[in-house]
Amino acid sequence: MQQNFMFQNETEFESITHQVAALPDAWKQILSNSLLDSAWEQVNALLAKEKEAGQTVYPTSLFTAFHLTKLDQIKIVILGQDPYHGEGEAHGLAFSVQKGVKIPPSLRNMFKEQLESNAITSAPVSGELSEWAKQGVLLLNTVLSVRKDKAGSHRGHGWETITNHLISVIANQSQPIVFLLWGSDAQKKKSLIPSHQLVLEAPHPSPLSSYRGFFGCNHFNKANEWLQERGVKPINWQLPNT
């Protein structure tokens with residue numbers, strides 16, 4: 001990977017080289033695959049262009065999900081699109097926001113579905129999902145960066161090649177893994193997932209589509225039931241109310 005620039009915005013943004021080098025070995029090996037060289041060059045060129053233009057890019061830490069969830073301990077993968085683009089929101093976990101930030105509508109609908117299906121007993125007060133990640137829920141966006149206040153701005157610049165490779169490697173692990181594919185963008189990744197893993201599909205939890213079948217999908221319980229049938233400890237979806 002040719003990763004040799006430094007990128008700064010409102011806060012220090014480490015080079016991708018340094019961020020990848022700091023990852024656990026299993027993730028580092030996947031992301032260092034020579035097949036991804038061209039994609040990394042595209043990502044680097046994009047971020048260098050953003051730097052030159054004085055743009056702010058989120059999140060500062062691109063790979064939080066891989067620090068919190070080990071490859072061989074993944075139980076569930078939830079695919080998002082690109083990070084939140086508002087100040088202080090994104091922190092490297094799909095759908096998650098930092099503590100103290102207002103819970104976004106899609107995540108609020110995820111919590112509502114959990115409550116209505118009895119996957120949790122009380123509504124979380126924070127949208128910070130690190131507790132899920134630590135239990136084996138990989139919260140993966142298919143694009144890992146975004147320009148401030150411009151949703152989708154980093155799509156089509158190499159990230160999708162990298163995350164498609166990640167999804168394929170994860171899906172071919174031997175341990176049982178459930179893939180929750182919500183919305184058409186996530187469902188396009190179904191072809192990367194072999195039949196020994198479980199795929200659950202539903203509309204996106206966005207307010208624009210949640211009433212078309214996300215509510216009532218019961219995915220959080222179905223995922224846990226499938227894992228338990230295979231001797232895997234289920235996810236405790238209830239977040240601490242602190």
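Predicted model: local features only at pLDDT ≥ 70, side-chain atom pairs only at ≥ 80, totals over all residues.
Reader: Thanks! How many bridges join strand 4 to strand 7?
Author: There are 3 bridges between strand 4 and strand 7 (residues 178–182), and the two run parallel.

Reader: What do strands of a sheet pair through?
Author: They pair through backbone hydrogen bonds, in either a parallel or an antiparallel way.

Reader: New topic! Where does UniProt place the "active site" feature?
Author: The UniProt record, an unreviewed entry, places that feature at Asp82. Aspartate 82 sits in the loop between strand 4 (76–80) and helix 5 (105–116).

Reader: Is aspartate 82 buried or exposed there?
Author: Aspartate 82 counts as buried, because its relative accessibility is 14% and the cut-off for buried is under 20%.

Reader: Which residues does aspartate 82 touch?
Author: Leaving out residues up to four places away in sequence, aspartate 82 touches Asn141, Val143, Ser145, Val146, Ala151, Gly152, Ser153 and Arg155. For glycine 152, the backbone nitrogen lies 2.6 Å from a polar atom of the aspartate 82 side chain.

Reader: Nice. What about the backbone: which residues does a cis peptide bond join?
Author: Tyrosine 58 and proline 59 are joined that way, with omega about -10°. Proline 59 belongs to the loop between strand 3 (57–58) and helix 4 (64–68).

Reader: And what is phi near in phenylalanine 95?
Author: Phi is near 70° in phenylalanine 95, a positive value in a residue other than glycine. Phenylalanine 95 is in the loop between strand 4 and helix 5, and it is buried, at 8% relative accessible area.

Reader: One more: where does asparagine 218 lie?
Author: Asparagine 218 is in the loop between strand 8 (198–202) and helix 9 (219–229). Asparagine 218 has a positive phi of about 60° although it is not a glycine. With a relative accessible area of 24%, asparagine 218 is partly exposed.

Notes:
Residues numbered from 1 in each chain as written. Heavy atoms only, no water. UniProt positions renumbered as here; feature names shortened; annotations may be inferred. Helix = DSSP H or I, 4+ residues; strand = E, 2+ residues; numbered from the N terminus. Buried < 20%, exposed > 50% of the residue type's maximum accessible area, 1.4 Å probe, protein only. Contact = heavy atoms within 4.5 Å. Polar contact = N/O pair within 3.5 Å; in protein donor to acceptor, adjacent residues only side chain to side chain. Pairing = 2+ DSSP bridges.
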